[in-house]
Amino acid sequence: MAALVGWLSMTGTPHPRPVLERRLEAAAWQHRATVVRAPAGWGKTFGLDAWAASSPRRDRIARAELDPPCADPVMFWTRVAEALARADDRFAHLPPPPAGTDDRQVWIAELLATGRSAAADLVLAIDSFERADTATVGAELGQFLHGRTRIRLLLAGRTRPRLALARLRAAGALAEIGTGDLALTADEARSLLGGPAGPEYEDTIRRAEGWPIALRIAAEHPRERLRGDHHHLYDYVVEEVLDPLPPDVRRFLLDTAVLDWLSGPLCDAVTGGTDGAGQLARLDREGVFVVPLDRRRVWFRYHPLFREALHRAAALEGADSVRGHRRAARWFVGHGMPDRAVAHLLTAGDEADAGELIAATYWRMLDVGHTATVLDWIDRLPPRHLHADARLLLAHASASLFAGRTGDVHLALARAEAAPARPGELPDGLPSVDAGIALGRATLSALRGDVGEATRWARRARAMHGPEHFTQRANCDIILAGSAYYAGTDDDVEFRLAEIVESATPMRNTVAEVAGRAMLARVRADRADLDAAREQLARAAALVGSRQATAPFAARVLALCRAVVDHRGGAVDAAAAGYTEARDLSIAAADRITAPDAVLGLAELALDGGRAEDARRRLDEAALLLAECDDPGHRLRTRRATLEARRADRVAADPTAGGLLTVRQGTILQAVARGLSDAAIARELGVSPRTVHAHLRAVNARLNVHSRSDAVRAYRAAGGPA
């Protein structure tokens, strides 16, 4: 195991870490005290070694590394005096520290006085301080810390020192260096691993969270996935962390390994104990791989690799993990967090209870952007259980819609139609399974570019929803308004969108409100009311930020409508970026109606900028996308026809074939097409025949042809008016 401690260098010597060394240098010499605290294997000792070797004032650094006997205060102060004497001869004349407490206080005062007489500041760097962190040593070190001297103190260890540091912290005289400073950066980890970049490579870096010893083990075993139960890392955790702990603390760790979130009451529910908060505070103080999740240090989590090691240790000791997961699930349900309970129930194998919670919570999860979580739940359900429950199949269809997996949507809806009937309202706010299927069909039809079918299904779904089903009713209305806009048959679209926004806002239907405000902005931009349009966009954007609405549908509608408003307002670059974003998001989500809409916007920008060839490519792309739609509506068809007519008119008056040739080259090719000789062309243009020859050679090169007749044909094919 000793070989593992030599992390970062195959030779066992400290590897330079300039950022950490500069951080230690600044902290040690600018503050009265510095505390370096991190769990086992975070490179505290090697970090201190590298800093001490690189410091310009290395001869003024007194290093003291402690061992277990240093819990005795006499032994502790003996080590301190020896370290100081190696850095400054003045301390060599001090007598040995006395055994009596009162006498030792006098001796410490003499030590401080010797420090005051030093020619320059010193840093007393004490490593492995947890080995001496007793009440007696802490009290005496407090006397040393708050006395007048030129000795600056640096304490490094796994635990939080039992020192009164608040006054120093408030005065700005305390520097604190933790795992965030000691963790290897992604670049340092890549340098250490030295392997080919790839998903597994990056996953190792992510899972290690900068833990140096774990990354060293990963570097030594490049063909094995880094896990906490890897035999080398597991042995390290057991020997360096678990074995030294008291039995009650070790038992607490093994029993709570089932939890990805930790709080005192939750841990008590899982372990059957009464001091969960105290145990977590102790683990936090003693550096046992707990990561605080809030500033009040109420919620924690274990380091992921450490938790995996705990799982293995718990299994080897026969811990009942199923019971732990079930207890955790009950606690989360009882405290209003059913979504947290689902994962525990699935792990415990309680699919029926998990299914009930999924059916009740999936829509709320989707609305705040947790699409991947819902899909993971669905994937973990046995197929026989999933396919027998129409509610879960609707959850699958909805999550797949949010993820842009339209093929899965169709399959899930078909299975929901075939599943056993479930009468009555559903816990996700749907009035019935049939209403959910109708709404799913409406959404799927809209994505497939069939506004007629989308309207029919949305009307059917809306008729099944009463006023109390406000969330899903608003979703029906969004589909109806969008279909009416693209159909070009409803003059009341603006009014209907305003109603949707008004109803969705108090009900916190994030997706409907974002989409409604974005579409309302577009309608108002269409009638040149840009101020009102920008106001709606600003409110939609603020809503996304405040409620974390990350539904792909809302994202692409917002991108498209913002691009339209920017386009109408003359912000060409912003409009191009927005149309491109909307196009890419829509193609990725198989959204057949938004994609051609965005591409037509890019074609219009190209025509506005005089880029006829770019416009032709965009219009051709839009034609292909529209051809995939069963019924894209009157508006997009008309818009494409209008833009095609604009392009044709521009090309008819453009001798450059959309920028492919220069004006002079286009004029010469038109003359060639009329049958004029080079001499006749030269006379007509007032140039020499040699100039005509040069232009024609350039034309052949640009058009990639070898004869005049081929050049004329290529010119006409590119849109030239010859």
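Analyst: A search of the whole structure finds three cavities of 30 Å³ or more. This is a predicted model, in which local features need pLDDT of at least 70 and side-chain atom pairs count only at pLDDT 80 or more, while totals for chains, interfaces and linings use all residues. Residues are numbered from 1 along each chain as its sequence is written, and side-chain values use heavy atoms, with hydrogens and water left out.

User: What makes a space a cavity rather than a pocket?

Analyst: The search uses a 1 Å grid over the protein atoms alone: a cavity is a set of points where a 1.4 Å probe fits but cannot get out, whereas a pocket is an open set with protein on both sides within 12 Å along at least five of seven lines, and a lining residue has an atom within 4 Å of a point. Grid points are joined across faces, edges and corners, and the volume is the space filled by probe spheres set on them. On that basis the largest cavity has a volume of about 790 Å³. Of the 42 residues lining the largest cavity, the closest to its centre are Thr443, Ala446, Ile478, Ile479 and Phe553. The helices (DSSP runs of H or I, at least four residues, numbered, like strands, which are E runs of at least two, from the N terminus) that give two or more residues to this lining include α19 (351-367), α24 (433-447), α26 (470-487) and α30 (552-568). The largest share, nine residues, comes from α26.

User: What is the lining of the largest cavity like by class?

Analyst: It has 30 nonpolar, nine polar and three charged residues, where Ala, Val, Leu, Ile, Met, Phe, Trp, Tyr, Cys and Pro count as nonpolar, Asp, Glu, Lys and Arg as charged, and the others, Gly among them, as polar. The largest pocket has a volume of about 890 Å³. Among the 38 residues that line the largest pocket, Ala40, Glu130, Arg131, Arg158 and Glu240 are the closest to its centre. By class, the lining of this pocket has 18 nonpolar, eight polar and 12 charged residues, and α3 (44-54), β4 (151-157), α12 (231-242) and α15 (276-286) each supply at least two of the lining residues.

User: How many residues of β1 are buried, and which of them lie on each side?

Analyst: Buried means under 20% relative accessible area, exposed means over 50%, and partly exposed lies in between, with a 1.4 Å probe and protein chains only. In β1, five of its five residues are buried: Ala33, Val35 and Arg37 on one side, and Thr34 and Val36 on the other.

User: Why is Ser128 called buried?

Analyst: Ser128 has a relative accessible area of 9%, and therefore falls below the 20% limit. Ser128 is found in the loop between β3 (122-127) and α6 (135-145). Leaving aside neighbours within four places in sequence, Ser128 is in contact (heavy atoms within 4.5 Å) with Glu65, Leu66 and Ala156.

User: Why does Leu381 count as buried?

Analyst: The relative accessibility of Leu381 is 4%, which is under 20%, so the label follows. Leu381 is found in the loop between α20 (371-380) and α21 (383-387), and beyond neighbours within four places in sequence it is in contact with Leu346, Glu351, Ile358 and Leu392. The C-alpha atoms of Leu381 and Leu346 are separated by 7.5 Å, although these residues are 35 apart along the chain.

User: What covers the buried residues of α36?

Analyst: The cover includes α35 (663-673), α37 (689-703) and α38 (708-717), and the buried residues of α36 (residues 678-685) are Asp678, Ala680, Ile681 and Ala682. After α36 comes Gly686, whose phi is positive, near 75°.
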